[in-house]
Amino acid sequence: MQPQPKPPIPYLLAYAFTLAARRADEELSPYGLSVRKFGLLVQLQIEPELTMSELARQLGVSRQSLHELVGELERAGHLRRLPGATGRTRRLVLSPGARRLVAHTEGPLMRMEADFLGDMDPSEVETLRTLLQRLLAHATDDETWLAGT
């Protein structure tokens, strides 16, 4: 009997994302957010100077999808589009309410994370977090992912 091949890491990451995103969407839904909208708000908190193109690349979405997300968040009062450094660019600014909303969702998301990670001990969780941050820093060529590691 031949040993089973190990599943490729991209497949494991994609499947883990599907499961985690589904659970996170359930937790964020009462706040009018999805994991994508939450990610956009968090990314703007971390890097408020990102252009729309950079933000789309960071989030792994098309510019069109980003414009749709931004429009929904803008209509909900979570952010504003202001003139950017040049006449053609726009910068996004979070509202104070959006900052409070992100902070308010931290508890439910942390509980979901603990449930999702099951019986992993705290050192395993931190190892996973560190490895994912290193992977993202390398894959995006953006060392801000390494902050706090």
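Me: How many aromatic pairs does a search of the whole structure find?
Reply: The model is a predicted one, and a pair of aromatic rings is described by the distance of the centres and the angle of the planes. When the whole structure is searched in this way, the number of aromatic pairs found is 1.

Me: Which two residues form that aromatic pair, and is it stacked or edge-to-face?
Reply: The residues are Tyr 11 and Tyr 15, whose rings lie 6.1 Å apart, centre to centre, with 5 degrees between the planes. Planes under 30 degrees apart count as stacked, so the pair of Tyr 11 and Tyr 15 is described as stacked.

Me: How far apart along helix H1 are Tyr 11 and Tyr 15, in helical turns?
Reply: Tyr 15, which is partly exposed with a relative accessible area of 46%, belongs to helix H1 together with Tyr 11. The two residues are 4 residues apart in this helix, which means that they are separated by about one helical turn.

Me: Which helix gives the most residues to the lining of the largest pocket?
Reply: The largest pocket holds about 2,100 Å³ of space and is lined by 40 residues, with Val 35, Arg 129, Leu 132, Leu 136 and Trp 145 lying nearest its centre. Helices H1 (9–28), H2 (35–46), H3 (52–59), H5 (96–117) and H6 (122–140) are the elements that give two or more residues to this lining. The one that gives the most, with 9 residues, is H6.

Me: How many residues in the lining of the largest pocket are nonpolar?
Reply: Sorted by class, this lining contains 7 polar and 7 charged residues. The nonpolar residues in the lining of the largest pocket number 26.

Me: How many bridges join strand E1 to strand E2, and which residue in E2 is the bridge partner of Pro 83?
Reply: Strand E1 (residues 79–83) and strand E2 (residues 90–94) run antiparallel and are joined by 5 bridges, while a hairpin of 6 residues connects the one to the other. Within this pairing, Leu 82 stands opposite Arg 91. The partner of Pro 83 in E2 is Arg 90.

Me: How far apart in space are Gly 97 and His 78, C-alpha to C-alpha?
Reply: Gly 97 lies in helix H5 and counts as partly exposed because its relative accessibility is 27%. Although 19 residues separate Gly 97 from His 78 in sequence, their distance in space, C-alpha to C-alpha, is 6.4 Å.

Me: What percentage of the chain over residues 6–137 is helix?
Reply: An unreviewed UniProt entry carries the annotation "domain: HTH marR-type" for residues 6–137. Over this stretch the end C-alpha atoms are 25 Å apart and 8% of the chain is strand, whereas the share that is helix is 69%.

Methods:
Residues numbered from 1 in each chain as written. Predicted model: local features only at pLDDT ≥ 70, side-chain atom pairs only at ≥ 80, totals over all residues. Heavy atoms only, no water. 1 Å grid on protein atoms, 1.4 Å probe; cavity = no way out; pocket = protein on both sides within 12 Å on 5 of 7 lines; lining within 4 Å. Points joined across faces, edges and corners; volume = space filled by probe spheres on them. Nonpolar A, V, L, I, M, F, W, Y, C, P; charged D, E, K, R; others polar. Phe/Tyr/Trp six-rings, centres within 6.5 Å; stacked < 30°, edge-to-face > 60°. Buried < 20%, exposed > 50% of the residue type's maximum accessible area, 1.4 Å probe, protein only. Pairing = 2+ DSSP bridges. UniProt positions renumbered as here; feature names shortened; annotations may be inferred.
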